[in-house]
Amino acid sequence: MKFDKVYCGKAAEYLKTIIPFEPEIGIILGSGLGPLSSSIEDPIVIPYADIPNFLTSTVSSHAGKMIFGRIAGKHIMCMSGRFHYYEGYNFEQLVLPVRVMKLMGVKTLIVTNAAGGANPSYKPGDVMIIKDHIKLNGASPLRGPNCSEFGPRFFDVSDMYTKSLREMALDLAKTSKLTFHEGVYFYMPGPQFETPAEIRAIQIMGGDSVGMSTVTEALAAAHCSMKLLGFSVISNMAAGVKNEALTTEEVDDVTEAISENFSAYIASVIENIQ
């Protein structure tokens, strides 16, 4: 199936019949970060299941809703729940949400995720601003016939996580109650957590956080020439960093504990996006 302007456009056309404004900023919320959506003013909530040609989230901690509204005076489009390769989707399908955002008018995308801390200097509850990523697993989401209406066949990703946005985010982090880092996100396909041996290899290759999402959305955004800002909430230390078993409960507990401060920080980021 070709996720071109015609296919993605059916979802966008449906949303435009409901939404009375053009969103300028898109947000994709990761595991346990759904509470951020409660900061959206005058929300218009649309279940994914109601959107033509859209995908369906199967992860229990993901709400599966598209939320439109305002944060810090700016019109936003927020996905509360995302889609993953481990759910059974192929990499090519995972470009669809970002392409729908592009057709809705989004120019800047903010992606968040809950990730394991591979860097031993990190601790649960820290936030990592994504400087770059490493993806050595699976195909590119841009594999197959190029959809030139979104971008060129070959495209540059040297500034995929937009430097000017990262600098602004780092500056705002100085006044946050949270601890921030800037680092490299390492993609793993899941759904199992990584082995201690895999984490040691990830550390050697330069990965600071590790997770099962985000990179397909980042690549789709780069193809669409969208500005991009990414955040990993360190929800647990990765396997082998500490001699503890990994659980999804730990992820939810940590993200819930920082949700108020993280939501306030993201609102300040949105306010400062030009």
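**View 1. Cysteine 8 is buried, at 1% relative accessibility.** Buried here means under 20% relative accessible area, exposed over 50%, and partly exposed in between, with a 1.4 Å probe and protein chains only. The model is predicted: local features need pLDDT of at least 70, side-chain atom pairs count only at pLDDT 80 or more, and totals for chains, interfaces and linings use all residues. Residues are numbered from 1 along each chain as its sequence is written, and side-chain values use heavy atoms, with hydrogens and water left out.

**View 2. The disulfide count is 0.** A disulfide is a pair of cysteine sulfur atoms within 2.5 Å. For cysteine 8, the nearest cysteine sulfur belongs to cysteine 147 and is 7.3 Å away. Cysteine 78 has its closest cysteine sulfur in cysteine 224, at 18 Å, which is too far for a bond. Cysteine 78 is also buried, with a relative accessible area of 2%.

**View 3. Glu194 and Asn236 carry the UniProt annotation "binding site", from an unreviewed entry.** UniProt positions follow the numbering used here, feature names are shortened, and annotations may be inferred rather than shown by experiment.

**View 4. Glutamate 194 sits in the loop between β7 (180-187) and α4 (196-205).** Helices (H or I, at least four residues) and strands (E, at least two) are DSSP runs numbered from the N terminus. Glutamate 194 is buried at 9% relative accessibility. Leaving aside residues up to four places away in sequence, glutamate 194 touches Met188, Ile199, Val210, Met212 and Ala239, where contact means heavy atoms within 4.5 Å.

**View 5. Asparagine 236 is in strand β9 (residues 227-237).** Its relative accessible area is 5%, so asparagine 236 is buried.
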